[in-house]
Amino acid sequence: MHRLLLGALLLLAGCEQQPAPLYLPQGDNYPETLSEWGMLQRADGFIAPVAEALPYDLNTPLFTDYAHKLRTVWMPADTAASYGEAHFDYPVGTVLSKTFYYTKDAQGRLLLNERDDRDPQRGLELARVQLIETRILLKQQEGWVALPYVWDEQQQEAHLEWAGDSRELSLLNAEGKTQAVAYQVPDANQCAGCHEETAGQGVNPLGPKARHLNKDFAYADGMHNQLQHWQQQGRLQGVPAELQGVPQNALWPTPRAGESLEKQARSYLDANCSHCHNPKGPGRTSGLLLDPATAIGISYGLCKQPVAAGKGSGDRLVDIHPGQPDKSVLLFRVESVDPSIMMPELGRSAMHAEGVDVLQRWVASLQGDC
Amino acid sequence: MRLAPLSVLALSVLLAACSEEPAPVADLDFQKDLQTQLIKAKPGSVIEIPAGTYQLDRSLSLKVSGVTIKGAGMDKTILSFKGQKSGAEGLLVDASDFTIEDIAFEDTLGDSLKVVGGKNIIIRRVRTEWTNGPATENGAYGIYPVQTENTLIDGAVAIGASDAGIYVGQSRNVVVRNSRAERNVAGIEIENTIDADVYDNVATGNTGGILVFNMPNLPQAGRVTRVFRNKIEGNNHKNFGHKGTPVASVPAGSGVVINSNDDVEVFDNDIGDHKTANVIISSYFSTGYTDLSTAESFDPYPEGIHIHGNRFGPAGDSPDHLELKALKVSQFGLNGRLPDILWDGYVNLDILVDGKLPADRAICINNGEAGMINVDGPNNYKNISTDMTDYRCSLPPLPAVKLASADADQGA
């Protein structure tokens, strides 16, 4: 069965016509299939970004059930994004794609790991990955649009699913244990639920911002800082000449030399929480703000009583109790997998043990009492 | 736009006969259809859901303004979320000019109907219920508009929430009326909200009937709430809220609880059969938190409180919380009762004039024979007093909420 599938893939590879990247500045005739976007190409059993699109990754990414992510950005010819410290302004027509996948072993079992398995030249080897979904963010004249595409089992095509989808997966970890994952492909509203980080301003990209992108990346021609590379490619204007002044989150999972535990924890909370928990985001109603601009104090959860957490409080009295992770609502909620308790509310069904570990160690390291 | 009726109900019935409590089978086609309609809705869209019980396993959401969702009746069109797999609510709405009516949400994992940040919200004849009855593992809120403006909740029913059945948070200009809140921790809770009218409701079998609260560290402090013509009776359910939540500190047997909020008028209600007190007036300090957990700008004192013309039934015979039990026995004897109104006694010393609160910041009880006990919380219950002299006063009536959707509906 497996060999047959592989054979079919090889057969198809090389003979497919790759459509050019799709420029869709307006209108809602969104393609039903992902291939029509022309962001990814297949060759010799690999799937990779097309030459016109830039792959990228982030310092500390959002956790989504241990899925790996292949991210690309494409901008219309002769256009560029302009740099801003908080966010970039992307030209109309920009397409961001994010493909969620797991790696597979020779038996076809899905693996739980955080390895980067992308070949800088050839991309992802289809026989060794299971593609789950690809999310498209499209910048139109009216603003950004989020579109979820779900891959078929044979990894031939992904189809637009406005209402999302779900998959029961089993992941094999390095110790040979399996972990069940109830993977949820978000519906288009749920995409917007996270991506509307400022109420009333609609959807915006979350990842491709200076502090997340400011890192080295393995391009086909070697390692380069992503911001500088984008600039050299003519895709980003106004990058400060000195990268020293550009914000930079901690590198996940292995921090750079000198990146403190606090920096790792704040980077993690930034990537996983601040799209809602910021002064203008959907999580603002809780009064808990975990964005980089909020100082570590009451608003950041320190000795702060939960407001409308309901059972999410876990019978704990404050969001962050210095020195006591097991008395902190924050830890209770990131450790939970109950959808009515867990944080983030969407995007995971498994606990991120490694993320929880960083937060636990950070809260344990805080001095003082409530 | 009509959704196809479905056969899942028959299937569930079939399954139910085979084993005890089978996991409900979600009607994925219905769910996908409905969510797709919600995503593709345009301003003016009316999404009608015919009578039937529909099993869903993930949250619904709406982000388009100007949409109406209509069922065939709160006992006829039932969205059941038993066995829900994902999402923190039943329906999450982030839109304005939204109307939902004649529909029920049952057994959501988290909140049932949450509306965040919209204007002109109408929630009419909607039922939210946890069908297993009161339980700590139930979702927190039934009907939950937060940071909304111009919101009407009319003829709703909320049962079994582990926090508040009807919870209005950080909103402006709100009417809650003709609704029934039963067997929740808090029946109806108005929190950090400016200008709310709560009238002609029934709150019964909750831990606390109607709450008017202010919580610290939020963008908006609440004020100006009128609670009138409600029937608030027999709210004696054991508190099954979660520690750390504001309602967890509410003693079982509380009729109306005003906490840290200002300009609250409670009048013309029938309030009775409460083991702790018909009315509790308290500060944030009585919720078990310290100064450390509040921003400096937060005002923890209830001020401008006016209790008048209510009809009080018996209360105070068996208060919750050990301190109150001991206090009752020592002050009023084994068979005695606490007075109708209980106040924790915290006042802002900085605003006192000649040792008294300025007239407009006062706590005024003008309710016939009803008495108030000041339990002197600040001094650890040392100088408990039932002397009403300083509290027999009146405040000018608060203005009625002006809400077009409420006026339009009057008598309809």
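**Close-up 1. Helix 3 of chain B and its buried residues.** In this predicted model, helix 3 (residues 322-332) of chain B has B:Leu324, B:Leu327 and B:Lys328 as its buried residues, where helices are DSSP runs of H or I with at least four residues, strands are runs of E with at least two, and both are numbered from the N terminus. These residues cover an arc of only 100 degrees around the axis, which puts them on the same side of helix 3 of chain B; the arc is that of the directions from the helix axis to the C-beta atoms. On the other side of this helix, B:Leu322 and B:Ser330 are exposed (buried means under 20% relative accessible area, exposed over 50% and partly exposed in between, with a 1.4 Å probe and protein chains only). The cover over the buried residues includes strand 28 (341-343) and strand 30 (372-374) of chain B, and the helix is followed by B:Gly333, whose phi is positive, near 85 degrees.

Residues are numbered from 1 along each chain as its sequence is written, and chains are lettered from A and ligands numbered from 1 in the order in which they are written. Local features need pLDDT of at least 70 and side-chain atom pairs count only at pLDDT 80 or more, whereas totals for chains, interfaces and linings use all residues, and side-chain values use heavy atoms, with hydrogens and water left out.

**Close-up 2. Helix 7 of chain A and its packing partners.** The buried residues of helix 7 of chain A are A:Gly355, A:Val356, A:Val358, A:Leu359, A:Trp362 and A:Val363. Seen down the helix axis, they fall within an arc of 160 degrees, so they line one face of the helix. They pack against helix 5 (261-273) and helix 6 (329-335) of chain A.

**Close-up 3. The contact between chain B and chain A.** The contact, meaning heavy atoms within 4.5 Å, takes 49 residues from chain B and 42 residues from chain A. B:Ile39, B:Arg58 and B:Lys63 supply 18% of the area that chain B buries against chain A, more than any other three residues; buried area is the accessible area (1.4 Å probe) that two parts lose on being put together, summed over both. Two salt bridges are counted between the chains, each a side-chain nitrogen of Lys or Arg within 4 Å of a carboxyl oxygen of Asp or Glu. A:Glu196 forms a salt bridge with B:Lys63, with the closest N and O atoms 3.2 Å apart.
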